[in-house]
2 protein chains.
Amino acid sequence: MKAYQELSKEELLSLKNQLEKEFEDAKGKGLKLDMSRGKPGVSQLALSMPMLDVISSASDMRTVLGNDTRNYGDLDGIGECRRLMANMMSVNKDNVVVCGNSSLNIMYDTVSRSMIKGVNGSTPWSKLDKVKFLCPVPGYDRHFRITEYFGIEMINVPLNDDGPDMDMVEKYVNNDPAVKGIWCVPKYSNPTGISYSDEVVKRFANLKPAAEDFRIFWDNAYCIHHLYEDRQDEILNILEECEKAGNPDMVYIFASTSKVTFPGSGVSAIASSLKNIDFIESQMTVQTIGHDKINQLRHARYFKGIEGMKEHMKKHADLMRPKFEAVENGLEKELAGLGIGTWTKPNGGYFISFDAMEGCAKAIVAKCKEAGVVLTGAGATYPYGKDPKDSNIRIAPSFPTPEEMAQATDLFVLCVKLVSVEKLLERMQ
Amino acid sequence: MKAYQELSKEELLSLKNQLEKEFEDAKGKGLKLDMSRGKPGVSQLALSMPMLDVISSASDMRTVLGNDTRNYGDLDGIGECRRLMANMMSVNKDNVVVCGNSSLNIMYDTVSRSMIKGVNGSTPWSKLDKVKFLCPVPGYDRHFRITEYFGIEMINVPLNDDGPDMDMVEKYVNNDPAVKGIWCVPKYSNPTGISYSDEVVKRFANLKPAAEDFRIFWDNAYCIHHLYEDRQDEILNILEECEKAGNPDMVYIFASTSKVTFPGSGVSAIASSLKNIDFIESQMTVQTIGHDKINQLRHARYFKGIEGMKEHMKKHADLMRPKFEAVENGLEKELAGLGIGTWTKPNGGYFISFDAMEGCAKAIVAKCKEAGVVLTGAGATYPYGKDPKDSNIRIAPSFPTPEEMAQATDLFVLCVKLVSVEKLLERMQ
């Protein structure tokens, strides 16, 4: 296969002609597929249905410690669910607060609290002239929307195969006191699927922030979301590494069971140093009387412990693998060697990241939409929705079936080819 | 019975002697009762246990509109639950967003949003020199803690039998642009149990706020929480009245099923004008991907509609009535005519409010605690925990059994008598 860049104008024109015909055919198929969000598929949701039987009118509703989960109390979560989430996050139970159904909501609240009250007594961020966050890119659009909402300036930091560009992170964090945070998805990153190397985690833990209230927002959303039994990423424990490095309060860790049990009906948690947890609880006690402890009990009893949860995740993996492979095979078969795109092959998580030729992402997404396949909006993986190279596209293979994913990928590669040919022709003019 | 004020010093001293003996006897009983919070009793919690069977692994998890409650989506709540909560709040479904498990959390978020973003485009409250809230007193301690947390200045407004002192409310709201809100529990008020008269609601609706971003925080927590079949308070519909008065955006209404189903595992909702709802959702979409829709479905299917919910509340009333009556009978029997206390006899809600002689509340609560009965801290019903007269005590009869409530009331009246005698003797010195 010849790279498109090596084709003559005539070859490109003829190819364009042919691809346009194929595209018209594809449109005729009337596809209607959504690969825009990391939504679990229906078969994944079915895996957790037995959890709904765990709590019934016949259940003993008391925790191990005898607290009635049906009534007010246990602001920081019931013990058995704190233990479960602590094990999921590889931290001690005392370092964990179990919250509501959404870890995004905890992140929002964490930024919001910092705006209003500062961090452990520092000046409230809303009183400062300028607050900045580092944003490894491509990254998670909903992280960026939180910081954008609060008027926090976002700075792009390239995300490499082993984590963010740490030279750049150190330069900013260690020198600029306006830099108050960094968004991280350290394992099976959204969207590239990479995991942070031990060296990167250690360099994070050993930062010397210019701002005392700098915090790492460590969204470990995919901590147990492997795709393969024999190819699993593991990352160093950031809380331990921060302690070792004399920065015990520098990190907030977030996780949830949104993609373990039910999106929207799972439980979420934050883990941090005891000092941070105390500060967080002093605000939480004003915000709410407590979270849904019956749902916490439901989760704790269903999984019985972290091993049960990990077994459950193997079933998710069995369902997800064919979908990822359908995409990867389609991309490999149709695009390898053409020089018009590169993509990731993650060992876990929810996404495949595709980098098109510069200036092509928006057009590819639009073309796909025209033929009935909805992708995450181009640019969404960058702060302010602005991908400076207009190159990155996030592919979310979880929701459609493997067959649909194969169909969608066929259309996707066709759109990539067509838009790339058009771009190359445009450059020749 | 002679009023204590009419007793001579000798009579008071002899009474004091006798009461002290009775108190020592009471201490010997080793009571351990908690009347501090509006916690439903165990028998009330049992009423909602069948709801836990409504959703099981065999359930169709789709909404009436076909949306899968197990997955992301329906940010504003599933249709059938929005309808249920709308009917509970006597508003249209379109005016309602169903949220998580805590209406307090919605109130917190509403104030927080106003701090950060202002209200429908007004200056963020955090950027203003001074923000003030009116606080009808006695009132709900957790309301006051929210405004205190955000550094909002709280102004006491007397709560009369028909609602807040509206002359004072109008004076503040219509003249001071720093006054941005007022906390209201319009029906079966916490703690006095009074409900706002039609005239009061109309005067609220017809306010002419100096601040465009003034809002009424209408916490209709006890909207369907009657105690009696034949003595029920009803209040005017504030949203409609505000519309009629040309102030359609002036009110936020809050409610939840915390005291209908399970505290902590219910659903909460906010109702307001469509314009306000749009603004709220523009923030909610940043804060979360959505709330627990399975629990929304559980509620909607269990109650089937507002009539089912109202039937359910009759069972609550049957359990609550004897507890309220145990307190009221005890107070009436032991304190009537003594001139050392007045109390409310609400038709619904969760509390009885007791006003002791000035300067006695703290001492009464302390005395009760000494003998094993925990009351809400004196002062809690006032902003900053400061009751200027040290007079008001909130009694929460819901959690103990009727028998325990009778015992607790016996101790309470004893403490009231003893502290009052001491106070009268002190005044004679």
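This is a predicted model: local features need pLDDT of at least 70, side-chain atom pairs count only at pLDDT 80 or more; totals for chains, interfaces and linings use all residues.

Q: Backbone first, then. Where is Asp74(A)?

A: Asp74(A) sits in the loop between helix 2 (42-47) and helix 3 (79-88) of chain A. Its phi is near 50°, a positive value in a residue other than glycine.

Q: And the peptide bond from Asn190(B) to Pro191(B), cis or trans?

A: Cis, with omega near 10°. Pro191(B) lies in the loop between strand 6 (179-184) and helix 7 (198-205) of chain B. In chain A, a cis peptide bond joins Asn190(A) and Pro191(A), with omega about 10°.

Q: OK, on to the interface. How many residues does the contact take from chain A and from chain B?

A: It takes 59 residues from chain A and 59 residues from chain B, with contact meaning heavy atoms within 4.5 Å. The two chains bury about 4900 Å² between them, 52% of it on carbon and sulfur atoms. Buried area here is the accessible area (1.4 Å probe) that two parts lose on being put together, summed over both.

Q: Which residues in chain A lose the most area to chain B?

A: Arg70(A), Tyr72(A) and Tyr149(A), together 16% of what that side buries.

Q: How many salt bridges between chain A and chain B?

A: The count is 0, where a salt bridge is a side-chain nitrogen of Lys or Arg within 4 Å of a carboxyl oxygen of Asp or Glu. Over all chains, the whole structure has 48. One case is Lys27(A) with Glu370(A), at 3.0 Å, N to O. That pair links distant parts of the chain, 343 residues apart: Lys27(A) is in helix 1 of chain A and Glu370(A) in helix 12 (residues 361-370) of chain A.

Q: Back to the chain contact. How do helix 5 of chain A and helix 9 of chain B cross?

A: The axes of helix 5 (residues 141-149) of chain A and helix 9 (residues 274-287) of chain B come within 8 Å and cross at roughly 130°. Axes are lines fitted to C-alpha atoms, for helices over the stretch in contact, and angles run from 0 to 180 degrees between N-to-C directions. The two helices are therefore oblique to each other; angles under 35 degrees count as roughly parallel, over 145 as roughly antiparallel, 65 to 115 as roughly perpendicular and the rest as oblique.

Q: Which residues make that contact?

A: Arg142(A), Arg145(A), Ile146(A) and Tyr149(A) of helix 5 of chain A, and Gln283(B), Thr285(B) and Val286(B) of helix 9 of chain B.

Q: Last one: at what angle do helix 11 and helix 13 of chain B pack?

A: Helix 11 (residues 306-335) and helix 13 (residues 402-428) of chain B pack at about 30°, with their axes 8 Å apart. They are therefore roughly parallel to each other. Among the residues in contact are Pro322(B) and Ala326(B) of helix 11 and Met405(B) and Phe412(B) of helix 13.

Terms used. Residues are numbered from 1 along each chain as its sequence is written. Chains are lettered from A and ligands numbered from 1 in the order in which they are written. Side-chain values use heavy atoms; hydrogens and water are left out. Helices (H or I, at least four residues) and strands (E, at least two) are DSSP runs, numbered from the N terminus.
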